[in-house]
Amino acid sequence: MVTALAALGVVAPDGHDQGPLSVAAVQGGGPRGLRAVDSDPRRVFDAHLEASRRLVVPGSVDLVLWPEDVVDVDHTFAGSPEEAELSELARELGATVVAGVVEEEAGRAGEAGRFRNAAVVFGPDGAVVSRYDKVHRVPFGEYVPWRSFLDGLVDLSAVPRDAVAGEGAAVVGSPHGRLAVVISYEVFFADRARSGVTAGGRLLLVPTNASSYTTEQVPAQEVAVARLRAVETGRWTVQAAPTGYSVIVDHRGRVVVQGGLGGQEVLAAEVRLRSGLTLASRAGDWPVLVLAGLVFGLSWAIRKKT
């Protein structure tokens, strides 16, 4: 069995090399263990601007990835000062910039406002090229199921408003072709990464934010799952987190470079764009579900005989 699986891994398709791309994952740094409602959005934004300008040499990279939720505006992002500053940064660096943006959406009378969690792509000319809105939201983190009922029973002040779920495949357009993107929690769900790859994504981007956790447990889990997604999709994977772990992984799941926790740093590497589909991308979860069903059925049959 093990020998057969190893042989399958050798001959199984894992995509095709489409050439190099120089990337940088920006980690602004800062204190850990703070919830979003207790942090200063502008301070976080400025830390990532400073890191990008201080640690990224203009013209040295093709793509710069910022983490999730480091651009937080209390209005629509389009036309905001933050959009103008990111546009200027993209022109300064001569690179595509992908930034994690949270924007407010006014609520109806008597209702709390909602927000959108997105990855916005700026071209080297500073123009907004594309955008992906997070589809798979975190329950009790980005939205509260049955909020109206639970509000009278528990304190929901840590999650004062709900995220609006995006739609469609996890993919954005860019000057470098289509890129798959899963935002934070979505990296734990194979179907989201798979949707981006099958839609033509040649690189997997993971803007995330685990700064509210005091230990390394969740950041380490995200690195492990990013490695798994890389193997499943046959794509190099770039993960950026404001306080770590940021990481760059090759299409075989090997860590090329990984940052630390808390500090300000930029991870830079030459990755490879890839096309084509792995068996996992083609088949999805069905083989595992069928195998689980067979194991369950066999176990039941054996128990019946004993």
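Reader: Where does the charged end of Arg137 sit?
Author: In this predicted model, the charged end of Arg137 lies over the ring of Tyr143, 4.0 Å from the ring's centre.

Reader: Nice. And how many aromatic pairs turn up in the whole structure?
Author: Searching the whole structure gives three aromatic pairs. One of them is Phe77 with Phe122, edge-to-face, at 6.2 Å centre to centre and 85° between the planes.

Reader: Where in the chain do Phe77 and Phe122 come from?
Author: From distant parts, 45 residues apart: Phe77 is in the loop between strand 3 (71-73) and helix 3 (81-93), while Phe122 belongs to strand 5 (residues 114-122).

Reader: Is Phe122 buried or exposed?
Author: Phe122 is buried, with a relative accessible area of 0%. Phe77 is buried too, at 3%.

Reader: Moving on to helix 5, how many of its residues are buried?
Author: Seven of the nine residues in helix 5 (residues 190-198) are buried. Among them are Arg192, Arg194 and Val197.

Reader: What do those buried residues of helix 5 pack against?
Author: Their partners include strand 6 (128-133), strand 9 (204-207), helix 6 (217-233) and helix 7 (279-283). Just past the end of helix 5, Gly200 has a positive phi of about 110°.

Reader: Switching to charges, how many salt bridges are there?
Author: The count is 15 salt bridges. In one of them, Glu85 pairs with Arg42, with the closest N and O atoms 2.8 Å apart. That one links helix 3, which holds Glu85, to helix 2 (residues 41-55), which holds Arg42.

Reader: And what about Glu68, which side chain does it meet?
Author: Glu68 meets Lys134 in a salt bridge, 3.4 Å from N to O. Glu68 is in the loop between strand 2 (63-65) and strand 3, and Lys134 in the loop between strand 6 and helix 4 (147-150), so the bridge ties together parts 66 residues apart in sequence. Both Glu68 and Lys134 are buried.

Reader: Which residues form a network of salt bridges?
Author: Asp17, Glu270 and Arg272 are linked that way.

Reader: Last one: what's the mean pLDDT of the protein?
Author: The mean is 88, with 90% of residues at 70 or more. Residues 1-10 fall below 50, though.

Key:
Residues numbered from 1 in each chain as written. Predicted model: local features only at pLDDT ≥ 70, side-chain atom pairs only at ≥ 80, totals over all residues. Heavy atoms only, no water. pLDDT = per-residue confidence, 0-100. Contact = heavy atoms within 4.5 Å. Phe/Tyr/Trp six-rings, centres within 6.5 Å; stacked < 30°, edge-to-face > 60°. Helix = DSSP H or I, 4+ residues; strand = E, 2+ residues; numbered from the N terminus. Buried < 20%, exposed > 50% of the residue type's maximum accessible area, 1.4 Å probe, protein only. Lys NZ or Arg CZ within 6 Å of the ring centre and 35° of its normal. Salt bridge = Lys/Arg side-chain N within 4 Å of Asp/Glu carboxyl O.
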